[in-house]
Amino acid sequence: EGDGTPLSVPTGAFGFIASVNKGLISSCTTDVDVLVEDTLADTYIFGAVAGSNEGSNSHISSCDNKGNLTFNLHALKGPQFIGGVLGRISTAHPSSYVNVDGCSNSGDIALKIFVSGRNPSVGGVVGGTPQAFGNRTTAYQAGEYGIVAGCSNSGDLTFAQDYYAAGGATLWNAGGVVGYMEGEVNKCENSGRISFDCPYDGVGRPVFGGVAGFVSRAVIGCKNLADGHLYAKGEFVRSNDIFSAGTGGVMEPAFGGVVGVCGVVTSGTLSDCVNEGMVTADVEMYPTKSIPIYFGGVAGICHAVAAYCVNNGTVDTVSGFYQTYVGGVFGDVYTNISKCENNGFVRNRGVLSPSVNESWLSYLGGIVARHQGGTISECTNGADAEVVYTGNSTSSSWSCGGGILGRYAANITINRCC
């Protein structure tokens with residue numbers, strides 16, 4: 001039991017059961033409220049149960065965190081991995097290896113960064129895995145760290161970037177269960193609220209999802225429940241360097257009811273996922289930066305082959321971005337999708353500003369806002385969609401939308417959709 005004195009957590013890994021786990025941790029529970037006020041110089045790894053899973057036999061099963069975790073971090077120079085149960089999966093594993101299973105978090109997690117950090121990866125259960133370098137079209141080579149399976153989060157996750165200093169965008173990757181996963185997330189669910197506030201110009205590049213932020217290989221059978229409201233507010237930017245670790249090959253902000261970004265370089269699997277929660281935002285583009293932003297009821301950006309995904313939640317955004325993509329199921333898609341369904345109201349409310357000398361473009365689709373090539377087959381949209389805008393701009397402003405697709409950027413085929 002603590003006395004309310006803030007913790008000073010050393011650089012490296014920290015956990016109440018184990019700082020580094022190289023074997024099996026099973027059926028453990030932590031119920032300690034944590035407040036960390038720290039100035040860190042290097043990589044930071046925190047999990048209430050274990051800081052890091054390392055070694056070929058490391059495994060965490062049926063562990064729970066019930067304590068509230070609050071972090072106020074300053075002067076960051078390395079990546080941060082924060083999880084309610086486990087901070088980081090540090091050792092590569094075969095694709096069939098289950099690294100973490102049956103774990104849950106019910107404690108609230110709050111992270112505020114007071115300077116430009118590098119790559120915060122935060123999840124209600126697992127913070128993340130090491131982050132590969134590369135770009136989304138040619139050079140990205142994802143690692144493989146196995147599977148996070150059957151885990152759940154019901155705690156609220158609150159994030160804020162509260163200061164700006166030169167040095168590039170902070171690459172946020174966060175989700176209700178997993179923040180950043182080079183591997184697979186399977187049959188996990190979230191019912192906690194997730195919010196992100198970035199009030200300062202040109203600071204954050206967020207990739208957020210109700211269940212997972214970024215996942216390289218597969219998201220299968222995951223659910224974001226009705227209480228899992230995802231909300232973003234502030235001014236965002238793209239990554240300055242697509243080759244930076246933590247981009248996941250994605251430079252732009254992306255938000256999804258289930259996953260922010262799934263797959264890399266037109267590979268991966270996204271299937272049998274359901275979103276019941278709201279995806280809402282009130283965002284502005286950093287002036288003079290012509291960048292897009294993506295929102296989807298299931299996924300913000302999807303490089304993976306996707307099937308049998310359903311959105312039942314409202315997707316409602318207020319955006320001053322140069323290009324805003326809002327889709328009932330997907331914001332942006334790079335390959336084939338099939339048998340997906342949207343039943344949630346979709347809307348983008350554009351805010352035009354004379355101070356931002358850029359065109360304002362809005363694309364909205366009942367299933368997909370933008371498709372980059374492939375097929376859309378046997379998908380159904382049963383909900384209304386709306387684009388409205390207010391204000392004035394010194395440049396052109398226009399929007400387009402469709403019941404299935406808002407915009408295509410390459411040759412695509414639409415089959416048996418309604």
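Trainee: Which residue in β27 does Met181 stand opposite?

Mentor: Strands of a sheet pair through backbone hydrogen bonds, either parallel or antiparallel. Here, Met181 stands opposite Val215 in β27. Strands β22 (residues 178–181) and β27 (residues 212–215) run parallel and are joined by three bridges. Strands are DSSP runs (E, at least two residues), numbered from the N terminus. Two strands pair if DSSP finds at least two bridges between them.

Trainee: What can I rely on here?

Mentor: This is a predicted model: local features need pLDDT of at least 70, side-chain atom pairs count only at pLDDT 80 or more, and totals for chains, interfaces and linings use all residues. Residues are numbered from 1 along each chain as its sequence is written, and side-chain values use heavy atoms, with hydrogens and water left out.

Trainee: How many strands does the open sheet have, and in what order?

Mentor: It has 11, paired in parallel, in the order β2-β7-β12-β17-β22-β27-β32-β37-β42-β47-β52. β2 (18–21) and β52 (405–408) each have a single partner strand, so one side of each lacks a neighbour in the sheet.

Trainee: Now rings. How many aromatic pairs are there?

Mentor: Rings of Phe, Tyr and Trp (its six-membered ring) pair if their centres lie within 6.5 Å; planes under 30 degrees apart count as stacked, over 60 as edge-to-face, the rest as tilted. The count comes to 14 aromatic pairs. One of them is Phe14 with Phe46, stacked at 5.4 Å centre to centre and 20° between the planes. Phe14 lies in β1 (residues 12–14) and Phe46 in β6 (residues 44–47), so the pair ties together parts 32 residues apart in sequence.

Trainee: Is Phe46 buried or exposed?

Mentor: Buried means under 20% relative accessible area, exposed over 50%, partly exposed in between (1.4 Å probe, protein chains only). Phe46 is buried, at 0%. Phe14 is partly exposed, at 22%.

Trainee: Which charged end sits over the ring of Tyr363?

Mentor: The test is NZ of Lys or CZ of Arg within 6 Å of the ring centre and within 35 degrees of the ring normal. Arg407 meets it, 5.0 Å from the centre of the Tyr363 ring. Likewise, Arg88 sits over Phe81 at 5.1 Å.

Trainee: And Asn381: what does it touch?

Mentor: Contact means heavy atoms within 4.5 Å. Leaving out residues up to four places away in sequence, Asn381 touches Asn342, Gly366, Ile367, Gly403, Ile404 and Cys418. Asn381 is in strand β49 (residues 380–381). At 17% relative accessibility, Asn381 counts as buried.

Methods: Helices (H or I, at least four residues) and strands (E, at least two) are DSSP runs, numbered from the N terminus.
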